[in-house]
Amino acid sequence: MRVFLLGLLFIGQAWAQSYPSKPIRMVAGFPPGGAADFVARTLAEPLGRALGQPVVVDNRPGAGSSIAAEHVAKSAPDGYTLLIGSPSSILVNPLIYPKLGYQPFKDLVAVSKVTSSPLVIAVNPSLGVNSLAELIAYARRHPGKLNFASSGSGAAPHLAAVLFLRLANVDMVHVPYKGGAPAVQSLLAGDTQLSFATPPSVLPLVQAGRLRALAVTSRNRTPLVPGVPGMAEAGLPDYEISFWYGFFVPARTPPEVVRRIFAATEQALKLPDTGKTLGREGTEASGSSSPEDFVAFLAEDAKLWARLVKDSGAKAD
C-alpha cells in the first residue's frame, strides 16, 4: 500500500510538472462588453504568459452566470477549464436557484481572488439629479416611479440596490437584464433611470458625459473612481459593498495544479501593466495570499450576500 501511495504521489507531481501542455479556457458567465468579460480579457494574456500556454476567454452567459459555473463544475478536473466567478455565481445563485446544477463549495475549488472594486451609482443625466442626496429626495417624492437596471435578479448590482433602498428608505422598481452590458444600454436609452453598476461597464460612459456618477458603494472615496464621493460623504455612512472576481477550477483538480494556477495568477496580478489596465476601468488587482485565504474570505462574504438575498426576496427569473 505504501508503495502504491508513493506511486500516486509521483504521478501527481509529474503531471503537475508537465502542466499545462495545451491552451486553457477561462469561462465567463456574462456576454462580451460587461465587467466579467473585461476582467477576463485583461488577465488572460498575462496569465497565459505566466503559465506558458494561451488562455482563451469563453463567454457562456445565462442564468445569472450559473450556466458558466455549472459548465466548469462539470468539466474535467485537469486545470484546463477555469471559471472567473463573482459573488453572483458563487454566493448568491445557490440561494436563488432551487435546482442549481452545481454546489460551489462542493463542486468547485477556490484558487484566488483577482480583482476588487466598488460599484458605481450611475444615472441618466436626463433625470436631472446631481448628487445622491438629490436622488434620494427625488425617489421619496416619486415612490415607485424610478426604474433601476441590473444584470439580473439576484445579481450583485441588484442586491447592492436592495441595501440602498432599505437604508435610504425609498421605493424604486427593479428591471433585470441578462448581463451588465444590456442593463447599461437600457440606462443610456432612458428605459431605466439608474443602475448600481460595475465600474468597467459605466466609467467610459461617465467620462464621455453620457452617464452621471453620483457615488461609489465604498464607504470612502477611492482613487479607482476619481472625483466621485463615497457613501459616507454622499449621505449614507452605514452603506458599504465591494464587488470582486476570482478564479475557480473543478473539484478534484490536483492540488499541485491548483498551486500552479495560483502562482501564475499571483505573477499576473503583480505586473504593472495589469494594474494600470484594470485601474483605467475603476477596478484593482486584489489577489489572495493563498487559496485557503480566498476560502476564508468567501465564508465571511457569504454572510452579507445571504442577508441581502433574504431582504430582496429575489427568485429565479
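**Close-up views of a predicted model**

View 1. Val 111 belongs to strand E4. Beyond its neighbours within four places in sequence, Val 111 is in contact with Phe 247, Phe 248 and Val 249, with Val 258, Ile 261 and Phe 262, and with Ser 290, Pro 291 and Phe 294. The C-alpha atom of Val 111 is separated by 17 Å from that of Ala 302, a residue 191 places away along the chain.

**View 2. Helix H13 from end to end.** Helix H13 takes in residues 291–312, and because 22 residues at 1.5 Å a residue should span 32 Å, the 31 Å between its end C-alpha atoms agrees with that expectation. Just after the helix, Gly 313 takes a positive phi of about 70°.

View 3. An α-helix has 3.6 residues a turn, so residues three or four places apart point the same way.

**View 4. The largest cavity.** Two cavities of 30 Å³ or more are counted in the model, and the largest has a volume of about 160 Å³. Its lining is made up of 19 residues, of which Ser 151, Pro 157, Gly 180, Thr 198 and Tyr 245 are the closest to its centre. Helix H2 (35–51), helix H8 (180–189), strand E8 (194–197) and strand E10 each give two or more residues to this lining. By class, the lining of the largest cavity divides into 10 nonpolar and nine polar residues, with no charged residue.

**View 5. The second largest cavity.** The second largest cavity has a volume of about 40 Å³, and the residues that line it are Ala 35, Val 39, Thr 115, Ser 116, Ser 117, Thr 198, Pro 200, Phe 243, Trp 244, Tyr 245 and Thr 283. At least two residues of this lining come from each of H2, E4 and E10. Six of the lining residues are nonpolar and five are polar, while none is charged.

Definitions and conventions. Residues numbered from 1 in each chain as written. Predicted model: local features only at pLDDT ≥ 70, side-chain atom pairs only at ≥ 80, totals over all residues. Heavy atoms only, no water. Helix = DSSP H or I, 4+ residues; strand = E, 2+ residues; numbered from the N terminus. Expected span 1.5 Å × (residues − 1). 1 Å grid on protein atoms, 1.4 Å probe; cavity = no way out; pocket = protein on both sides within 12 Å on 5 of 7 lines; lining within 4 Å. Points joined across faces, edges and corners; volume = space filled by probe spheres on them. Nonpolar A, V, L, I, M, F, W, Y, C, P; charged D, E, K, R; others polar. Contact = heavy atoms within 4.5 Å.
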